Structures are given as C-alpha cells and as structure tokens.
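I opened this notebook to keep track of what I look up, one entry at a time. The entries follow the order of my looking.

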2 protein chains.
Amino acid sequence: MAEARETVLVRGTGLLGTSIGLGLRAAGHEVWLSDPSPTAQRIAEDVGAGVSWSPEKDVELVVVASPPEVTAQEVAHALQNHPHSVVMDIASVKAAVLKDLLDWADDPQHALSREGIRRYVGTHPMAGREKSGPVAARGELFTSMPWVICPVVDPHTQEQLTQREAVDTVTALARRLGASAHQMSAVKHDQSVALISHLPQIAASLVASRLQEAEPGALALSGNGLRDVTRIAASDPNLWVQILSANSAPVVEILYGVREDVERLISTLEDPAAPGGHADIAQLIAEGNSGVARVPGKHGAPPQSFSQLTVIVDDRPGQIAAVLNDVAEVGVNVEDLHMEHSAGHQVGMVELSVLPARRNELAEALTTMGWKVVLS
Amino acid sequence: MAEARETVLVRGTGLLGTSIGLGLRAAGHEVWLSDPSPTAQRIAEDVGAGVSWSPEKDVELVVVASPPEVTAQEVAHALQNHPHSVVMDIASVKAAVLKDLLDWADDPQHALSREGIRRYVGTHPMAGREKSGPVAARGELFTSMPWVICPVVDPHTQEQLTQREAVDTVTALARRLGASAHQMSAVKHDQSVALISHLPQIAASLVASRLQEAEPGALALSGNGLRDVTRIAASDPNLWVQILSANSAPVVEILYGVREDVERLISTLEDPAAPGGHADIAQLIAEGNSGVARVPGKHGAPPQSFSQLTVIVDDRPGQIAAVLNDVAEVGVNVEDLHMEHSAGHQVGMVELSVLPARRNELAEALTTMGWKVVLS
C-alpha cells in the first residue's frame, strides 16, 4: 500500500468512516463511499471524504465502518461482493465479529468460505470524539493514536491464518493515517478494551447518573476532578448498548471485582470506627495509586515525563502569544499547554509542559523578561 | 477585612496552609506561621508564606489548616488561646468538626464555651493539587475556585448563630485569595462534596485499582478516556482515609445507589440477549448523559459555552506563538487552549476555544493567513 495508492471503498460514513476517507484522500488515495443513509453519504462527499461508489468500480480494499451490530454481516457481504479485495472492519469489539464469520464459513449453506476469510482483517482504531456523524469527521482523528490489528486466529488450532498480504495492507493503512499499529488476537483485544475503555465508560456513567438529582448548589462546587471523571459520560447510549453487549463476558468479569470492592467499601463506611476500617480505605486508595501509575501518558510517553510551569497573564487578546513568543526566544519547545481562564478575575493561567532539564532555565528567563511565573 | 489588612496566624503549613499564607502575603497581610513539624514550617517560611509565630503576638484571624482528624481539637485550642480572634478551619468535611465543638461547648468540664463558638466559622476551599506539602504551595491556588463558608447552625433550634462579623471576616479572606464564596450549612456541604468530590475519587480509585494486574499490551492502548477517569486516583491514601471516614454517612448513602446500578448492569451483561437487557444498558448510559449535562464548566460557565477550532502546526519552537499572534491580529480572545503534540509525527494540534459568534470568522481569517484549520 505504501507505493500503490490503492483505491479504497469505505462502507459506512459516520464519524470514523468519513474520517478515514478524509485522511486517505489527503494521502492521495482514490476513495469511494457508500452508506445506507443517502444524507450521511452526501455529507461525507461534501466534506471531501470521497465520491459515490458505483458497483462496477474495482477496489483493492474495503473498509467496513458500519455500526457494531451489523458489522459481521457487512464484512461477509463485502468478502462475497469483492472477491479479490482485502476487507477490514473497525468495530470496537472484535471476537464476536470474528466468531460470526468463522461460523458462517463452517456452514456449507453459507456463501462465505474459509478461503475468503483469509482476505479479512479485524481492526479497531482507538480514536473517537464526543461528537458523532460525518460532520464531526476529520482526517487527523487517528494521528498518533493506537490502531489495533487482529489477524484471524483459527479457533480449533489456535494458529494464525496465513494472510500476510491482507495484514500488511491494513497495517499500512493505519500507519498512513498517522496511527501506531498494535497487533494482537481478537480475544486479547476484547479483554484489553474491557479494562481500558469499557470500564472507564461505565464508571463515568455511574458517577454522572448520580448527579441527575443533585441540587444546583452542590453542582456549583464542581471541580476538575468531577469534570474529568464524568467527561466521557456524554457518550451515545445506542452505540454503547452495542459495544457492551458484544463484549459482555470480559466486562462482567471485571465488574465482579468492582462489585467486591464496592461491597467492602460500603461495609467499612457503615462503621468506619470498627477495627481495620481505616486500613481498608487506605488500601483501596493505595491500589488506585499503583494502578494509575501504570497508565502511559499521551502518545505512549511514560507518565509525567514533562515538567510544568505556570505563567500568570492578563486576560486579554494577545497575552498567550506574547508568552509563547518569549518562550520561543529562549528556544524551549512547548510539549503541551493548558490554559485556565478565570472569568471573574481578569487573569489567566497558562501551564506549559517542557522537558524537565529545561524548566528552571525557562522559568528564570521568563521571570527576567517580566512574567509572573509559578513552578508547579 | 477589606480595609484593615489584619494579621493572620496560619496553623499548619501543608499545601493549603502555605498557599493561604502566600496569597495573603501577596495581598499585603502580615502572616504568622506555626506547624508541629519544624521542617514543614521552615519550608513555608522559606517560600515566603509568612514568619514564625511567637505566642506574644496578637492576631485578628487564626486559620486552622491541620489534617482533618485533628482539626476540631486545633480549633478548640485556638478559640481558647486567642480569646479575641476569629478562628476558621479549612478541613474538607465540616459536620464532624462542628459536632465535636458543639459537644465540648455543652460539656461544663470543657473550657470551650457556647459564646466562644460564635467566633468560629468552618470553611472548605475547593482547591488542591495532586502534589502535597508546602513546596507545592502557590498563592494562586484558590483563584476562581469555590470556597464554602459554613456559619454555625444550632443543632437544637436549627437556627444560625449570630456571628456576622466572623462570617464577614472569613468571606473577605476567601475573596481576597480570588475564590468565590458559597455559604451553606455544614450538613449540606458534606452531602454536596460526597457527591461531587468523594464519589469521583472513589470511582477513579476503583477503576485504577483494576489496572494493577493489566498487561502492558493492554495499557499501551490507553486513551484520554482512561487518563481522565483515573487522574485523581493518584491522591494521598492517608488524607482520603480521614476524609471518607469523617463523611461516611453521606458517602455510603450514595454508594448504595452505585451498588444497585452495578448489580443491575452485571445481571444484564450476564445474559445480554435476555428481554430488556439492551434497554437497561441504554438507560444507564442515558442517565449518565443527563447527569453530565448538569456539570458546570470551568469557573461556573455553562457547559460547552465556547466553540472550538483546531489548527495543525509543525512541531517546533515558536509555532503556537505564531498561531496566537495571528489570532490576536484578528482580534479574537482565546478562552481556552489545548495542545496535542504528536511525538512520532512532527505535527501538533492546537485546539482553540472562542466565543461561538467569532469562530467561523477566525477560521476563515487563519485559513487565509495560510494555517491548516479544522472546525471541531
């Protein structure tokens, strides 16, 4: 794929399908689009993700970007209708899709063959937005995000099928869109996302749902802790029904552990003065400390690999630019920047992340230049 | 207080006490410090939070910034040792402290009197950091954060004590440090923080503790969702033991609801194909949608009151400054800025939040100026 600039058919022009189309077009590929909703397809065409597919067109790669619950069926159709194409899907749960396909391939009544499945590779781009639909799409959505590639494993022999060309094609696509490819089995993928994606979603929804009856006076005290924990609770219920029911076994396994922890915390807090109560609470928080220390930073960086400093600025146009001009003059690269703007106070705080070795030097230089700098 | 520049004694020079000292010094107050740990007190003095207190000095206000478990005792001592001073505490749970003080005041054996309690006001600044201790302190910590003020309510008559001068003094201090004052009873405060602070902390710790045994391959797929949900799990176990055991009743009440939701989700996911299963999952996620929509934005702004646009920049010094110079030239104020820097790709994405009415104008102007702009 790196050389050939294959033609690609994207089936399904939601947020992800349209973003794939946009990214591939930007990389010089010819992209065809089709979606059961003429409106969604038209929007995807209008934003430049590709052009309407005509059945006589030949394609090298079909990307099935349909909702999870119809993905297996769409993949089977694509394998039959495009007998020489590689077919990939991007559904966020992988073992269930693969199981359906293998069942159909084993069924002599079904048109799908074992041989056909060699052209299929399941994938999952770990990217998304709180908004959905083709309007929210952007070609840069996958930049530096993980993209999981699941070669087919034979359920009887546990061996990987020979499908090197298909896997290479799909891996090249992920990389062309700026993602980092991670190869693992569908089962391992589903266990991994149950833990690092589905559990956080459930926790965010559990916390946010308790806020429904909260008094406005309580909500007015909300801080960044609550905002961070509940941000992803704004997700689409229809999509999550499909994801959680397709991945129910690994998710429920994790929830048994959560239930046990909640039970223990409840008994402790029902009588916090009882012997061992304080130790129980401390253990839960300490276990959280150990767990969170294992979460990699953005783009796989080790956690907290940068140092921060905060510059206090006036809250008017041009102030952040002025700070950054001076930072550039010192010659330090800003690795991340976070701004807090304080409505009532005419003052803003700009937190800069820089390489630890350069932080003190930068703080001194900015102070000399007249900025109010706080080391954080 | 607005005029008088009172002298203030800060008892306890951890993160919050030292930050209060720094902020008050910056505002022109005379600040005395004392801490049972000579090292902590010395650091607080060295960073400029105040000077060592000598018992002969008179103070108008005593700020008790001790750990929660010794706060009531420290407040009682301060009321006795400083018979003309207002005394406030800043512990994050309020009803337990107040109950101890009122019990002692009702006890003829105890030196504390009912009259003395009129000089006490419980408060809770809703500010903190993941780091602790005087070294992490900064005077700007409270800028535009809520600061809860709890006037004393008589537990027998449910009436507020007459203590206007003390409440005014304490409110002025919160405002001087840049915070917004919220008055409510200790009971209402504790119920509020159980929901908007203690529940998110527990949820973050529950999720993070599940990560302890995760495989590195799974953690490598971590996205912003997991990072956001678990960030506050890095908190201090010793502090949280004190907070959760002091506020156990309201917290356990909320956890009963969480347990019920977890139970229902587990039964649903044990048999996701059973009738009603999909509806149960959809309901949990939809309830989370409604709850999170009620969380105010930073500084009390309504959620999502700004519009976003993203500018793609080269990943080298000076690029963000160059974007912001051009934004300033267009004359649009940046309300918030978030940067994503992609290690392997020599490209960064700068997301700007601006007033919705100015977004399209800014996007067009920046595009004309040669920037690659994506509306988000």
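Entry one. I looked up Phe142(B) and found it buried, with a relative accessible area of 1%. The model is predicted, and I keep that in mind for each entry.

Entry two. I asked which ring pairs with that of Phe142(B). Phe142(B) forms an aromatic pair with Trp147(B). The centres are 5.0 Å apart and the planes stand at 40°, so the pair counts as tilted, that class lying between under 30 degrees for stacked and over 60 for edge-to-face. I then checked Trp147(B), which has 0% relative accessibility and is therefore buried.

How many aromatic pairs does a search of the whole structure find? I noted two over all chains. Phe142(A) and Trp147(A) make a tilted pair, with 5.0 Å from centre to centre and 40° between the planes. Phe142(A) counts as buried because its relative accessibility is 1%, where the cut-off is under 20%. Trp147(A) is buried at 0%.

I moved to Thr18(A) and asked where it sits. Thr18(A) belongs to helix α1 of chain A, which covers residues 15-26. Is Thr18(A) buried or exposed? With 0% relative accessibility, Thr18(A) is buried.

I looked for what the side chain of Thr18(A) reaches, and found the backbone oxygen of Gly14(A) at 2.7 Å. Leaving aside neighbours within four places in sequence, I listed the contacts of Thr18(A) as Thr13(A), Ala44(A), Val47(A), Ala49(A), Pro134(A) and Ala137(A).

Definitions and conventions. Residues are numbered from 1 along each chain as its sequence is written. Chains are lettered from A and ligands numbered from 1 in the order in which they are written. This is a predicted model: local features need pLDDT of at least 70, side-chain atom pairs count only at pLDDT 80 or more; totals for chains, interfaces and linings use all residues. Side-chain values use heavy atoms; hydrogens and water are left out. Rings of Phe, Tyr and Trp (its six-membered ring) pair if their centres lie within 6.5 Å; planes under 30 degrees apart count as stacked, over 60 as edge-to-face and the rest as tilted. Buried means under 20% relative accessible area, exposed over 50%, partly exposed in between (1.4 Å probe, protein chains only). Helices (H or I, at least four residues) and strands (E, at least two) are DSSP runs, numbered from the N terminus. A polar contact is a pair of N or O atoms within 3.5 Å; within protein, one must be able to donate a hydrogen and the other to accept it, and residues adjacent in sequence count only if both atoms are side-chain atoms. Contact means heavy atoms within 4.5 Å.
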